[in-house]
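Reader: Can you take me through this one? I'd like the packing and the charge pairs.

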Amino acid sequence: KRSDSIEIMLKGLKMENPDVLNTLVELNTEISSEKISAICSNLPTAEELQLVEDFKGDRENLGAAEKYFSVLAKVPNLELRAKALKYYVTFSEKLENFAQGVDAITEASRLLMQNKPLFHFLSIVLSVGNYVNGGSNRGATYGFKIATIRSLMDVKSIKDPKVSMLHWVCQAMTTKTPEIFLQFVQDMKSTSISFAMREDLPDLVKKNKKV
């Protein structure tokens, strides 16, 4: 029920109705992003506001949700004020999150561009690719797109479908250059690179447009 969800929100909000009223009327930016987001997600509809305004009985007999709505009915331009306050409060938070994501990707890119074990890994991938595609117009190439690395997991061994080309490349590094492979694995687990891997560049671009 609508009233039940509002009452649950009010319990989590931990604000008295007059405090919510003053926050919205005065546009108090001290409110947390979580609280203003909860308020915005549970704003009364025009019909609900009209119902509480038309109520002629003792308002003390109203339920918690209805009492809350009757207080919000006193806020001029309620929806506009609430959304404007939410935008102001959450803007710096969104900007900080966006900046952290950009910084993480920038730092990880810098480290990767200087990482010799990674270059060794890529050289093996290129050699294997040229060998597999030998005799075709896809062989004897001087490079490949980084996105191609994802397809290494899709190229399976005929003898054992559980073994992919990526497995084979890693096994080759382990056998021929174990020290480099160990360093490669450790570098890929570094804090900067691990943090950047949790970011998604297209998602950051969308966040940038929203900010």
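Author: What follows covers the cores and then the salt bridges. This is a predicted model, where local features need pLDDT of at least 70, side-chain atom pairs count only at pLDDT 80 or more, and totals for chains, interfaces and linings use all residues. Residues are numbered from 1 along each chain as its sequence is written, and side-chain values use heavy atoms, with hydrogens and water left out.

Reader: Which residues have the most contacts inside the largest nonpolar core?

Author: Val20, Leu24, Ile36, Ile39 and Tyr68, in a core of 25 residues. A nonpolar core is a set of buried Ala, Val, Leu, Ile, Met, Phe, Trp, Tyr and Cys residues joined through side-chain atoms within 4.5 Å. Buried means under 20% relative accessible area, exposed over 50%, and partly exposed in between (1.4 Å probe, protein chains only).

Reader: What does Tyr68 touch?

Author: Leaving out residues up to four places away in sequence, Tyr68 touches Ile6, Met9, Leu10, Asn17, Val20 and Ile39. Touching here means heavy atoms within 4.5 Å.

Reader: OK, charges. How many salt bridges?

Author: The count is 4, taking a salt bridge as a side-chain nitrogen of Lys or Arg within 4 Å of a carboxyl oxygen of Asp or Glu. One of them joins Glu48 and Arg2, with the closest N and O atoms 2.9 Å apart.

Reader: Is Glu48 buried or exposed?

Author: Glu48 counts as buried because its relative accessibility is 18%. Arg2, at 33%, is partly exposed.

Reader: And how far apart are the closest N and O atoms of Glu60 and Lys67?

Author: 3.8 Å, also a salt bridge. Glu60 is exposed at 60% relative accessible area, while Lys67 is partly exposed at 28%.
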